[in-house]
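The sequence and the structure are shown first, and the description follows.

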Amino acid sequence: VLANNFADLDSPFDEAHLPIFWHVPKSYGSSLRAYYSCMGLVEAGDASELSGHGETEDLYVWERICNGDCNVNALYVNVDTSGKEGIMRAQRLGLAQSGLADLATTMHLGFATNMFTPEYKGRIFTLLRHPVEQQV
């Protein structure tokens, strides 16, 4: 399933591919996600669950209004791809096929394989800290 549902890094980018950020804790992932908001990208991540937008049986984009600690409003799809239950919901609602998200974020990369199909593949990327610099 992994080989069929994720695009090879050396293959050309296809609009049907959904970039998926593999969030490794303590590796600047939260900072990177804030950067996506500044770029105006629509994210599928944990914000919908935390804000009560993860209950409906249809997908939509919602806007989190800036409360003073940021310069722009953030855009999210109403699925929580940070956990296994939310990934199953994203699969059931067809997140990859919907074209609503510019990227999805998860720590459960192996389980996230289920959100994608050979026609609508995920394209994995991550950010890792240097282990020695992190310990110093």
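## Basis of the description

Buried means under 20% relative accessible area, exposed means over 50%, and partly exposed lies in between, with a 1.4 Å probe and protein chains only. Helices (H or I, at least four residues) and strands (E, at least two) are DSSP runs, numbered from the N terminus.

The model is predicted, and local features need pLDDT of at least 70, side-chain atom pairs count only at pLDDT 80 or more, and totals for chains, interfaces and linings use all residues. Residues are numbered from 1 along each chain as its sequence is written, and side-chain values use heavy atoms, with hydrogens and water left out.

## The sheet

Two strands count as paired if DSSP finds at least two bridges between them.

Strand β4 is mostly covered, with 6 of its 7 residues buried. With β2 it pairs in the parallel sense over 3 bridges, V42 having L75 of β4 as its bridge partner; with β3 the pairing of β4 is antiparallel, over 4 bridges, and here V61 has V77 of β4 as its partner. Elsewhere in the sheet, β1 and β5 (residues 103-106) are joined in the parallel sense by 3 bridges, and W22 stands opposite T106 in β5.

## Helices on the sheet and the nonpolar core

Contact here means heavy atoms within 4.5 Å.

A nonpolar core is a set of buried Ala, Val, Leu, Ile, Met, Phe, Trp, Tyr and Cys residues joined through side-chain atoms within 4.5 Å. The largest such core has 19 residues, and I20, A44, V77, V79, L95, M115 and F116 have the most contacts inside it. Elements giving two or more residues to this core include β1 (18-22), β4 (74-80) and α4 (84-93), and α4 gives the most, with 3 residues. Leaving aside residues up to four places away in sequence, V77 touches several residues, among them A44, L59, V61, W62 and L95.

## Aromatic rings

Rings of Phe, Tyr and Trp (its six-membered ring) pair if their centres lie within 6.5 Å, and planes under 30 degrees apart count as stacked, over 60 as edge-to-face and the rest as tilted. The structure holds 5 aromatic pairs. In one of them, the rings of F21 and F125 have their centres 5.3 Å apart and their planes at 35°, so this pair is tilted. F21 lies in β1 and F125 in β6, so the pair ties together parts that are 104 residues apart in sequence. F21 is buried, at 0% relative accessible area, whereas F125 is partly exposed, at 29%.

Y36 and F125 form an edge-to-face pair, 6.3 Å centre to centre with 80° between the planes. This pair links Y36 in helix α2 to F125 in strand β6, 89 residues apart. Y36 is buried, with a relative accessible area of 7%.
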